[in-house]
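Thank you all for making time this morning.

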Amino acid sequence: MMPLTILVKEHKAILRMIKIMGKIVKAMRESRSADPKLIAAVLDFIRTYVDRCHHGKEEGILFKALAGKRLYPGHKKIMFDLIRKHKMGRANVRRLDAAQRKYFNGKKDALKDIITNMETLARFYPLHIMKEDKVFFPISMGYLSGKEQRAMPGSMLKFDADMIHDKYAGVVLSAAKSISEVYSCAR
């Protein structure tokens, strides 16, 4: 059950952010406005922590290990459904990003799209997490040997270390590109 400890801990952090998103939505409805810093924080959290870090470990480590096993067809169906739901979540985040760009570029009617997409994410993640924690994760451990289970936390920690370095290498490249575009003399 060792790999599950890491994934379940990440689920708890995700659920805390979902509660905060609910408060953000309530505040946006009441004020009829959105705070760019809060929306940027939500997008960064979902893209970086939820998708790249957490889903990256699920898909790239756990599900990858399970793909090499002879899964019971019902269990395989659950795994593929979870992957499909990850893709749906990514699509929803892209819609949220598009809506916030429109809103902060002056299209104030895009606020309703920001709210709708945040509410969709807030409904989606608790159910998705419950399915993973209560159904699929416990089932998945039955397919992995003790040795495979013991190796997974190390792989997950290495994944996190590599991911954070990749993210900030990208930030450096983006900044370098931006400075070159904005200040043509800085080349």
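**The chain, its helices and its cores**

If we read along the sequence, the protein chain follows the pattern α-α-α-α-α, and its secondary structure comes to 5 helices and 0 strands, where helices (H or I, at least four residues) and strands (E, at least two) are DSSP runs, numbered from the N terminus. Please keep in mind that this is a predicted model, in which local features need pLDDT of at least 70 and side-chain atom pairs count only at pLDDT 80 or more, while totals for chains, interfaces and linings use all residues. Residues are numbered from 1 along each chain as its sequence is written, and side-chain values use heavy atoms, with hydrogens and water left out.

Along its principal axes, the C-alpha trace of the protein chain spans about 55 × 45 × 25 Å. Of the 187 residues in the chain, 39% are buried, and here buried means under 20% relative accessible area, exposed means over 50%, and partly exposed is in between, with a 1.4 Å probe and protein chains only. Contact means heavy atoms within 4.5 Å, and among contacts between residues at least 6 apart in sequence, 85% join residues at least 24 apart.

Let us turn to how the helices pack. Two packed helices are described by the angle between their axes and the distance between the axes. The axes are lines fitted to C-alpha atoms, for helices over the stretch in contact, and the angles run from 0 to 180 degrees between N-to-C directions.

Helix 3 (residues 73-104) and helix 4 (residues 111-141) pack at an angle of about 160 degrees, with their axes 9 Å apart. Helix 3 and helix 4 are therefore roughly antiparallel to each other, since angles over 145 degrees count as roughly antiparallel, under 35 as roughly parallel, 65 to 115 as roughly perpendicular and the rest as oblique.

Helix 2 and helix 4 have axes that come within 13 Å and cross at roughly 25 degrees, and these two helices are therefore roughly parallel to each other. Among the residues that meet in this pair are Ile39 and Ile46 from helix 2, and Ile114, Met118 and Tyr125 from helix 4.

Which residues touch the most other members of the largest nonpolar core? Of its 27 residues, they are Met21, Met28, Ile46, Ile114, Met118 and Tyr125; a nonpolar core is a set of buried Ala, Val, Leu, Ile, Met, Phe, Trp, Tyr and Cys residues joined through side-chain atoms within 4.5 Å. The elements that give two or more residues to this core are helix 1 (2-31), helix 2 (36-67), helix 3 and helix 4, and helix 4 gives the most, with 8 residues.

Let me stay with one member, Ile114, which lies in helix 4. Is Ile114 buried or exposed? At 0% relative accessibility, Ile114 counts as buried. Leaving aside its neighbours within four places in sequence, Ile114 is in contact with Met28, Ala34, Ile39, Leu96, Ala99, Gln100 and Tyr103. Tyr103 is 11 residues from Ile114 in sequence, and the two are 8.3 Å apart in space, C-alpha to C-alpha.

For contrast, please find Ile20 in helix 1. Ile20 is partly exposed, with a relative accessible area of 44%, and its C-alpha atom is separated by 17 Å from that of Ile129, 109 residues apart along the chain.
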